[in-house]
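The following note sets out numbered points on the model shown below. Please read them alongside the coordinates.

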Amino acid sequence: MPSAFLKNASPPSLLGDKSREMNEERRKQLAICPTDDDAIAPKTKKPHKQSFDYIWRTGVAGGLAGSAAKTLVAPLDRVKILFQASNPQFAKYAGSWFGVITAMKDIYREDGTRGLFRGHSATLLRIFPYAAIKFLAYEQIRSVIIHSPAQETPIRRLLSGSLAGVTSVFFTYPLEVIRVRLAFETKRDSRSSLSAICKRIYNEAPPPLRPVSGPAVLAVTTEAVRAVAPRAGLANFYRGFSATIMGMLPYAGMSFLTHDTAGDILRHPALAQYTTLPKPSNSPPNKPAPLRSWAELFSGGIAGLVSQTSAYPLEVIRRRMQVGGAVGDGHRLHVGETARMIFRERGISGFWVGLTIGYVKVVPMVAVSFYVYERGKTLLGI
């Protein structure tokens, strides 16, 4: 019996050949039908938040979000600027819904649809880089300040949003001044081109300075400061910048804080089945499930309502400072001077002129902005 078994046994060389054939066959099968481990392994590496790939995708999504949102509310933005800056032709319409509608009718009758979108080209030139930098900066600052879910505190979210807003404003503020000037002009015979507006702002100078009275040392010191302080030029493109920074801190901070907090509430397990969508296949593993369209728009709208309320008085001051060269004697007003002027003209209610139209503009604008941004991030795989 053992001898028969040995006769039928394959020699070692044949066993080696068969083993090699089986391995080759196995490799062919894996090439056609991968194993479970092969199937679930990531085929592409997700971009790191500090990588160039993640940065440009975030910037594109943010720029498109800002452009879409501003285009939606451009006519209301034009009327709101005219109200805030106390344009003489439209001051009589301020303070009521009927006035808003009447002002839009007057603009449309005078200039047609182009009148309602006057200054919008400058808006898009400003808003795309502004929104791109804002959302990009928020993601980067957030990744530095918030390292884990345990650090997702309201203070950290508020700080991340505020710093992102200040960063974006610093780089795009001159374009905002140009846009406000274009929107402020209403008379057909005094319209200016974009280049003419830029030249006018650059060359605007304040009235002659009054002589300094007092001790000789004080007079000499004051004259020395005046000699080096800019009275025209590039500094004119940053009129109202201090008020903008003060307003942006609560506005951007509350906007991001409210949106993220509302998103957390809507993703609560008790509501998730009604408010969230399934996670896309290209979604990063640590990213929460996307909200449904209505839920995303709702969280963005609430963010716009809260942020607008918190920063509106400073926005009114900023608008008046920006058009300082287009009205009055051209004197460059500071924040305190502008606030006192508004209070003398209209009292405390002057700081809330146009707030109603501000709500109508900001709530849908912020809602669309966050909606387009989140959907853009999903499409771009970040």
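1. Contacts along the chain. Among the contacts in the protein with a separation of 6 or more, 76% are between residues 24 or more positions apart; contact means heavy atoms within 4.5 Å. This is a predicted model, in which local features need pLDDT of at least 70 and side-chain atom pairs count only at pLDDT 80 or more, while totals for chains, interfaces and linings use all residues. Residues are numbered from 1 along each chain as its sequence is written, and side-chain values use heavy atoms, with hydrogens and water left out.

2. Secondary structure and surface. The protein has 16 helices and 0 strands, taken as DSSP runs numbered from the N terminus (helices H or I, at least four residues; strands E, at least two). Of its 382 residues, 43% are buried, that is, under 20% relative accessible area, with exposed set at over 50% and partly exposed in between (1.4 Å probe, protein chains only). The accessible surface is about 20,700 Å², and carbon and sulfur atoms hold 67% of that area; areas follow the Shrake-Rupley method with a 1.4 Å probe, and for residues only the protein chains shown count as cover.

3. Annotated segment. An unreviewed UniProt entry lists residues 350–373 as "transmembrane region"; such positions are in the numbering used here, feature names are shortened, and annotations may be inferred rather than shown by experiment. In the model, this stretch of 350–373 is 79% helix and 0% strand, with its end C-alpha atoms 34 Å apart.

4. Largest cavity. The structure holds 5 cavities of 30 Å³ or more, and the largest has about 550 Å³ of space. Its lining comprises 36 residues, with Tyr 130, Met 248, Tyr 251, Arg 318 and Met 365 closest to the centre. On a 1 Å grid over the protein atoms alone, a cavity is a set of points where a 1.4 Å probe fits but cannot get out, a pocket is an open set with protein on both sides within 12 Å along at least five of seven lines, and lining residues have an atom within 4 Å of a point. Grid points are joined across faces, edges and corners, and a volume is the space filled by probe spheres set on the points.

5. Composition of that lining. Helix 12 gives the largest share of the lining of the largest cavity, 8 residues. Elements supplying at least two residues include helix 4 (52–72), helix 9 (154–184) and helix 16 (355–379). The lining divides into 19 nonpolar, 7 polar and 10 charged residues, where Ala, Val, Leu, Ile, Met, Phe, Trp, Tyr, Cys and Pro count as nonpolar, Asp, Glu, Lys and Arg as charged, and the others, Gly among them, as polar.

6. Second largest cavity. This space of about 80 Å³ is lined by 13 residues, with Ala 74, Asp 77, Arg 118, Thr 123 and Arg 179 nearest its centre. Helix 5 contributes the most to the lining, 4 residues.

7. Beyond neighbours within four places in sequence, its contacts are Val 100, Ala 103, Met 104, Ile 107 and Ile 357.

8. Largest pocket. The largest pocket has about 1,100 Å³ of space. Of its 38 lining residues, Lys 49, Arg 142, Asn 286, Lys 287 and Pro 288 are closest to the centre. Helix 16 provides the largest share, 6 residues, and the lining has 14 nonpolar, 10 polar and 14 charged residues.
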